[in-house]
Amino acid sequence: MTIASRLKAWLAASAVALIIGGGLTPDALPRSRADGCGDTAAAAASPSSCADPAPAPPPPAWLAAVQQRDPQFAGTYQAVRERILKDGAIPAKYKLLMGMVTDAIAAHPDGVRALAANARAAGASEAEVTEAVEVGYLYGGTAALVMGVNAFPGS
């Protein structure tokens, strides 16, 4: 094992220990500067932009298995997921479409289906879902297009 790889492993382990040992939870994190909520000038100019306008999408089906085995970890994961997937500088529907494209490229048909439905619930149009499937094809090839078809009802 090289010194560089040992250093990387030590840094990763240290970061995990700090997060877990320090009790760092999403509630303890400051608002993101990306959405302007961490910037007091932006927040003062537009306080409504820092509100949570839409509920987070439902948890993924696989999270139930994690919940049974480690409820604390599942709760932490869910809290981070909700924070990331809410409207911010990037609207929630686009974040969900990004996840859908990622799942299409990674060949996860159930994820494509669920994320497409969540994106629609967050306000994505059929045209946006279709274009996202096309973006998946551009970056992931025909296999991603075949997976991406799972975004369409009845597929």
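A salt bridge is here a side-chain nitrogen of Lys or Arg lying within 4 Å of a carboxyl oxygen of Asp or Glu. The views show a predicted model, in which local features need pLDDT of at least 70 and side-chain atom pairs count only at pLDDT 80 or more, while totals for chains, interfaces and linings use all residues. Residues are numbered from 1 along each chain as its sequence is written, and side-chain values use heavy atoms, with hydrogens and water left out.

**View 1. The packing of helix α5 against helix α7.** Helix α5 (residues 92-105) and helix α7 (residues 126-140) pack at an angle of about 40°, and their axes are 9 Å apart; axes are lines fitted to C-alpha atoms, for helices over the stretch in contact, and angles run from 0 to 180 degrees between N-to-C directions. Helices (H or I, at least four residues) are DSSP runs numbered from the N terminus. The two helices α5 and α7 are therefore oblique to each other, the term for angles that are not under 35 degrees (roughly parallel), over 145 (roughly antiparallel) or 65 to 115 (roughly perpendicular). On the α5 side the contact (heavy atoms within 4.5 Å) is made by K93, Y94, L97, M100, V101 and I105, and on the α7 side by E128, V129, A132, V133, G136, Y139 and G140.

**View 2. The salt bridge between E128 and K93.** The side chains of E128 and K93 meet in a salt bridge with an N to O distance of 3.2 Å. This pair links distant parts of the chain, with E128 in helix α7 and K93 in helix α5, 35 residues apart. Both E128 and K93 are buried, where buried means under 20% relative accessible area, exposed over 50%, and partly exposed in between (1.4 Å probe, protein chains only).

**View 3. The salt bridge between D110 and R113.** Within helix α6, D110 and R113 lie three residues apart, about one turn of the helix, and their side chains meet in a salt bridge (2.9 Å, N to O). D110 counts as exposed because its relative accessibility is 57%, whereas R113, with a relative accessible area of 35%, is partly exposed.

**View 4. The salt bridge between R120 and E126.** R120 forms a salt bridge with E126, in which the closest N and O atoms are 2.4 Å apart. R120 counts as partly exposed at 22% relative accessibility, and E126 is partly exposed with a relative accessible area of 40%.

**View 5. The backbone at A107.** Although A107 is not a glycine, this residue has a positive phi of about 65°. A107 is found in the loop between α5 and α6 (109-121).
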